[in-house]
Amino acid sequence: MLGKKVTIGAAVAASVALFLVGCANQPSTGGSTSSNSKVNIPAITSVNTPKDAVLPAGDGKATCPAGLTIAYVGAETGPNAQLGINIYNGVQLAINEHNAANKGCQVGFKKFDTEGDPNKATGPVTQAVNEADIIGVVGLPFSGESKATGNIFEQQGLVHITPSATNPGLTQNGWKTFFRGLGNDAVQGPAAAKFLTDKLQAKKVYLVQDDSDYGIGLGTTTSKALGSALVGTDKVTTGQKDFSAVISKIINAKPDAVYYSGYYAEGAPFDQQLVNKGYTGTFVGPDGVKDDQFIKLAGDASSNAYFTCPCIPGELIPTFESDYKKLASAEPGTYSIEGYDATTVLLSGIDKGKTTRADLVDWVKNYDADGLSKHYKWDSTGELQAPTVYGYKVENGKIVPIGTIG
């Protein structure tokens, strides 16, 4: 368990070498794209973490009333459930470490499944806010469900920290109980655009977005930042299976890179069909696509993929990686460590005697300390200050980090 501070060596500086190579490993059947230079960006093997990161165990001397509970509210099932599972495993790990170290303060943990669906999320959220023992929530993972339920949390004064919902508009609703534990898409979009045009050397980019609040918001900010490099845009829908119409437009536009703004459930088959139709450029997806499920669903086609994410590679923090793997029998996933850190913020408040909903809201509002993944200090709207965006790529069938991109 993480019972002491963790310090990791400085990130390996990655030199960028250019070489010409085709990204697809299948023959062309539907036309050709423009000649594409793929940039070989080496994976990094370490990351910097704060020397004085607050950890769930605290000093081991906490006492608190019995019956206090932290909840995870978000996807446990549904087409993009793995992104939620990554988070609640991080939450569970933090609570386990806290309770093991603090015999006088045993905090409960409850989970509520939204399936990641805005139309279904209001029920589980209503149930959670009506349970008096729950004084803090980690979630919701997705922007659409966060938008649909923010007022419910607000009316009940229940603080919630999302480790992953990135639509910029979420902090413009006047909510005092909503806090975002990562950079939003006003940060990720421009970083993605710069990554595409600078590091990946793409001269022509085609952008495709889904119909979710997340996909629309990220697509908008990325499109604006791409400027003249953007040669086309199109839209797909949640649950779509056949992407032939949009792929035909992409093949005709001959882009060097395609940026998909959405989730892996549609992003994976889209990339697979794109490659099967002869696309030989780069495929870039955001945090909603960055999951091992993408590789599983896309198969060999995933070898052309890069990702952008306002999330730190938790697998490069040895103690966290080891303890997470013992708990989940899997490597840390996208937003596992952000879920862990968000829980730590709430637990540290409880340890300081903030044992009512109102007190815990105030605690988070004034929080100013390091977690394992970043520094946590929010502005008056619930946005983090100075967030960082990382890049990732598929290499030998695995997602590996390539360092900061913004």
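**Entry 1: helix α3**

What covers the buried residues of α3? I put this to the model, which is a predicted one, and I found that the cover includes β3, α2 (118–129), β5 (134–139), β6 (159–162) and α5 (213–226). I then listed the residues that this cover concerns, and in α3 the buried ones are S143, G144, E145, S146, T149, G150, I152 and F153.

I next looked up the extent of the helix: α3 runs over residues 143–156, which makes 14 residues, and from its first C-alpha to its last it reaches 20 Å, close to the 20 Å expected at 1.5 Å a residue. Just after the helix I checked the backbone, where G157 takes a positive phi of about 65°.

**Entry 2**

How many disulfides does the count come to? I took a pair of cysteine sulfur atoms within 2.5 Å as the rule, and by it the count comes to two disulfides.

I went to C64 and C105, which form a disulfide with their sulfur atoms 2.1 Å apart. This pair links distant parts of the chain, since C64 lies in the loop between β2 (37–40) and β3 (69–74), while C105 lies in the loop between α1 (81–101) and β4 (108–113), 41 residues apart. I read the torsion about the S-S bond of C64 and C105 as about 100°, and the disulfide is therefore right-handed. As for accessibility, I noted C64 as buried, and C105 likewise.

**Entry 3: the disulfide of C309 and C311**

I turned to C309 and C311, which also form a disulfide, here with the sulfur atoms 2.0 Å apart. I checked the accessibility of C309 and C311 and found both of them buried. Counting the bonded cysteines along the chain, I wrote down the pattern of the disulfides as 1-2, 3-4.

**Entry 4: helix α9**

Which residues are buried in helix α9? In this helix, which spans residues 318–328, I listed F320, E321, D323 and Y324 as buried. I then asked what they pack against, and the buried residues of α9 meet α1 and α10 (336–351). Just after α9 I looked at S329, which takes a positive phi of about 55°.

Terms used:
Residues numbered from 1 in each chain as written. Predicted model: local features only at pLDDT ≥ 70, side-chain atom pairs only at ≥ 80, totals over all residues. Heavy atoms only, no water. Helix = DSSP H or I, 4+ residues; strand = E, 2+ residues; numbered from the N terminus. Buried < 20%, exposed > 50% of the residue type's maximum accessible area, 1.4 Å probe, protein only. Expected span 1.5 Å × (residues − 1). Contact = heavy atoms within 4.5 Å.
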